[in-house]
Amino acid sequence: MRVATDIGGTFTDLVCLEFDKKTGKPTGVSVAKSDTTPSNFEQGILDTIKKGNVNLKEIDFFAHGTTVVINALTERKGAKTALITTKGFRDILEIARCNRPDLFNFNFIKQPPFVPRYLRFEVEERMNYKGEVIKELNRATLKAIIKTCKEENVEAIAICLLHAYKNPVHEQQLITELSNLYPEIEIITSHQVTREWREYERTSSTVLSGYVLPIAKKYLNNLQEKLKAKGLQDAPYIMQSNGGITTINDVKSNPITMVESGPASGVFGAIALGKVINKKDLIVLDIGGTTAKCALVENGQVKITTNYKIEHSRTEAGYPIQTPVIDIVEIGNGGGSIAWIDKGGKMHVGPKSAGAMPGPAAYGRGGKNLTTTDANIITGRIHPDYFLGGELQPDYESIEEASKPLCKELNGTKEDIAKGILRIANANMINALKLISVNKGYDPRDFTMMVIGGGGAMHGADLARELQVAELIIPPHAGVFSAFGMLMSDIRRDYIRTNVLTLIDKQKNVIVSTFNEIKSEAILNFKTDNTSSEEIKFTYYADLRYAGQEHYVKVLLDNFSEETSLDNIINHFHKEHKKHYSFELDAVVELVNFHLVAEVEVDKPDFPKLNTTNKKLEDAIFDTRKVDFDDLGVHPTTFFHRDLLEPNMTFKGPAVIAEKATTTVVSPIHTVNIDKYGNLILTLEKV
């Protein structure tokens, strides 16, 4: 038995795969969904385990993704943190980058740093950009720093010294000294978080990792203890933002790697499914209760970036986190997103969400605002018997009350308001989808769209139509697919190291020796998990740029070895640069960052095929009622049980396909086919 759980902003999901002990083939999939419990996250997991009737003693593999880190950051519920840095660099968090997200927007807000100035300390030391010691570390002020930290009840100390990415010896000396002086406090250094340059980004990343370190360790320890007490034999694996899982001890040393763990697993689950059904070019959209996330997959690969920010918008510069994250765009639009009207009388949807408590008005838990979920109910797109997996009937009186202020303000009917909410929500998602496709030189028509999450299947047909994507896929258990994706992820660790050098033949030995040095570090790290070097698969990347440029392009060094030609690498870079920026230069090429990916393959289950019992399509129908498809009109619509649909069945829209964790809306201009794995494949009629 293999289990994965995923904590989202609104719901906590569980997927359980059972296997035949003789053949090793999957025999069944069960899913469970429960409210996320922000005050006690592990309780939501235990609730799904109970709901799913899962016996933890029978589990061979347990993977877990969580929003604990991102929630602690966005809600400012982390630990009181201090910063120690090189003398003269105390204010780097305050200075930040001097560029506005939107140059002429005078509503720009300078966000306060996570560490106030009185908790930012300096030590005398100096390293140059080559990693050579100019001034030895002066320990004289450390006792005074610790005294202040104790008086101020500081819970974590972040250490970021100048050029420590090149040579961390002074940071290592500091952590040893401080651990002796104050063993109770959590300490993290920049070289543990990132070995990539850029002083502000590196400092920000270290501070944010320190800020969540105590809360993440406490959460992971509690989770491990409670699961063990319930019968789990082996420690759970934790999902990271780079799309791989890792051991619980590894992630406790640098919890910022979990900042986008949930969205990453959904994308990698989509990639795994895409390989099985031969769909390697995908636009993946994950719509949950709070947010919508999207990523582009080209030839079975998704880009990994370290240029990640939280709370970045037109009026806010955000906070950079220099950790490997899949290249994803996330917006505050989901099922719980609240509709509201600004001072100019214009309606918006999101980013504020009703969450699980009180939730949308339809939950009947006291929600006073109309949300995207309520709009889908008003238009008839969610069957009342399948609302929240059939556990709750929509509270129509609450929906009526919540719609009144909007109806009055906009002088429209409840139905008009609902259609407006869905149009705005879809427009927001279209803009996000264009950011990962059109804005980066990709034509969405060349891709297949795969939608996951509780809301993905509800909006997918409209979004695919708008982008003129001919094929839309809704996988089985789409509502809990992020959890499913964790079962398809390998153990992965990324090692990135800055060392700027020109790509010329005399630097070849430096390139090879640097990669070998990083490789040895990776082997040593995996050895602590009792993993031999023979089990590790290495993939080589380099961040390259033209001399004189500020930023770079990540290039895969396919089958890299000592014999690899630098000319081949340079030619590959020229092609990638032209693809991204539409031009190439006859200029010297520089290598900025070495990037080594170390992976240990996990024994992954096959995607289970759907059983065929020769049922008729009519057997899956359970209702017919009117549904509003906006500009496509109001149509009598057939409602299907997804569990009763079988391979090779086909039918035309309009239709609504209901299942436990989500609902698929099929527009009047789409045709549905069910493949042998149970995927719903919607194709758009040619107009």
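Q: What makes strands β30 and β32 a pair?
A: Two strands pair if DSSP finds at least two bridges between them. Strand β30 (residues 634-641) and strand β32 (residues 655-658) are joined by four bridges in the parallel sense, and F639 stands opposite V656 in β32. The model is a predicted one, in which local features need pLDDT of at least 70 and side-chain atom pairs count only at pLDDT 80 or more, while totals for chains, interfaces and linings use all residues. Residues are numbered from 1 along each chain as its sequence is written, and side-chain values use heavy atoms, with hydrogens and water left out. Helices (H or I, at least four residues) and strands (E, at least two) are DSSP runs, numbered from the N terminus.

Q: What makes β29 and β33 edge strands?
A: Each of them, β29 (621-628) and β33 (663-666), pairs on one side only. They belong to an open sheet of four strands in the order β29-β30-β32-β33, with mixed pairing. Neighbouring strands of this sheet are turned by 25 degrees against each other on average, direction ignored; the axes are lines fitted to C-alpha atoms, for helices over the stretch in contact, and angles run from 0 to 180 degrees between N-to-C directions.

Q: How do you know that β5 and β9 pair?
A: Strand β5 (residues 81-86) and strand β9 (residues 156-160) run parallel and are joined by five bridges. The bridge partner of A82 is I157 in β9. Both strands stand in an open sheet with the order β6-β5-β9-β10 and parallel pairing. In that sheet the edge strands are β6 and β10 (186-189).

Q: Why is A63 called buried?
A: Buried means under 20% relative accessible area, exposed over 50%, and partly exposed in between (1.4 Å probe, protein chains only). A63 has 0% relative accessibility, so it counts as buried. This residue is found in strand β4 (residues 61-65). Not counting residues up to four places away in sequence, A63 touches V3, A4, T5, Y237 and M486, where contact means heavy atoms within 4.5 Å. A63 and T5 are 58 residues apart in sequence, yet 6.5 Å apart in space, C-alpha to C-alpha.

Q: Why is L103 called exposed?
A: L103 has 55% relative accessibility, and therefore it counts as exposed. The residue lies in the loop between α3 (92-95) and β6 (120-123). The C-alpha atoms of L103 and T315 are separated by 9.4 Å, although the two residues are 212 apart along the chain.

Q: What makes a set of residues a nonpolar core, and which members touch the most others in the largest one?
A: A nonpolar core is a set of buried Ala, Val, Leu, Ile, Met, Phe, Trp, Tyr and Cys residues joined through side-chain atoms within 4.5 Å. The largest has 72 residues, of which L73 and I157 touch the most other members. Helix α7 (residues 199-229) gives the most to this core, with eleven residues. Apart from it lies another core of 69 residues, including A63, M239, L282 and A295.

Q: Why is the length of helix α9 called close to the expected one?
A: The expected span of a helix is 1.5 Å times one less than its number of residues. Helix α9 (residues 261-276) has 16 residues and reaches 23 Å from its first C-alpha to its last, close to the 22 Å expected. The helix is mostly covered, with 14 of its 16 residues buried. After α9 comes N278, whose phi is positive, near 65 degrees.
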